[in-house]
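Today I opened this model to look up its ring pairs and one of its helices. My notes follow.

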Amino acid sequence: MIDAVLFDLDGTLADTAPDLGFALNSLLIRYARDPIPLQKIRPMASHGARGLLELGFGIKPNDPYFDEMRSEFLDLYLKNICRETKLFDGMEELLQQLEAKKIKWGIVTNKPKRFTDPLMTLLKLDRRAVCVVSGDSYARPKPYPDSILGAAEEMAVESSKIIYVGDDERDMQAARAA
């Protein structure tokens, strides 16, 4: 009944919060602000730069400094993308079971390709995943279904025979729409 499993990356398959937090705290320190504990950062990790900058600096995309801060944050993150990032407990075993049962698996994330690809390589998942769809792979990222439907096409699997696993409401919206 299920021919493939697709995973969101941040907060679902991999715990990227420590490295996202490191980048945020590095930026906060650069601007003479107090760092934020990981337990406060973790719930915002799935919201990417937008959510983390709002948490750390109280700014939103319409703020005149947002683009500059976002660029600085993303540069810091890319330089430290896999210092502490690891798969969540049990995920490696799950991937091994899927592979043993010849069930295809892949990634559908809103993380841009410039971050997804190096992270997948450093986690040694790049050659194991049947497909990796980043946030900029299709015109409309999640919550739109485009990326999940694109992954289904790349894997040559009907979308109705795919399970999508994610940790955010937009993941569920995209899965339902696909």
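I looked for aromatic pairs and found three in this predicted model. Rings of Phe, Tyr and Trp (its six-membered ring) pair if their centres lie within 6.5 Å; planes under 30 degrees apart are stacked, over 60 edge-to-face, the rest tilted.

I noted Phe7 and Trp105 as edge-to-face, with 6.4 Å centre to centre and 75° between the planes. Phe7 sits in strand S1 (residues 4-7) and Trp105 in strand S4, 98 residues apart. Helices (H or I, at least four residues) and strands (E, at least two) are DSSP runs, numbered from the N terminus. Both Phe7 and Trp105 are buried; buried means under 20% relative accessible area, exposed over 50%, partly exposed in between (1.4 Å probe, protein chains only).

Next I checked Tyr31 and Phe57: their ring centres are 6.0 Å apart and their planes at 90°, so this pair is edge-to-face too. Tyr31 is partly exposed at 35% relative accessibility, whereas Phe57 is buried at 11%.

Then I turned to helix H6 (residues 113-122), where Phe115, Thr116, Leu119 and Met120 are buried. Down the axis of H6 they fall within an arc of 120°, so they line one face of the helix; the arc uses directions from the helix axis to the C-beta atoms. They pack against helix H4 (66-79), strand S4 (104-108) and strand S5 (131-133), with contact meaning heavy atoms within 4.5 Å.

For my records, residues are numbered from 1 along each chain as its sequence is written, and side-chain values use heavy atoms, without hydrogens and water. Local features need pLDDT of at least 70 and side-chain atom pairs 80 or more, while totals for chains, interfaces and linings use all residues.
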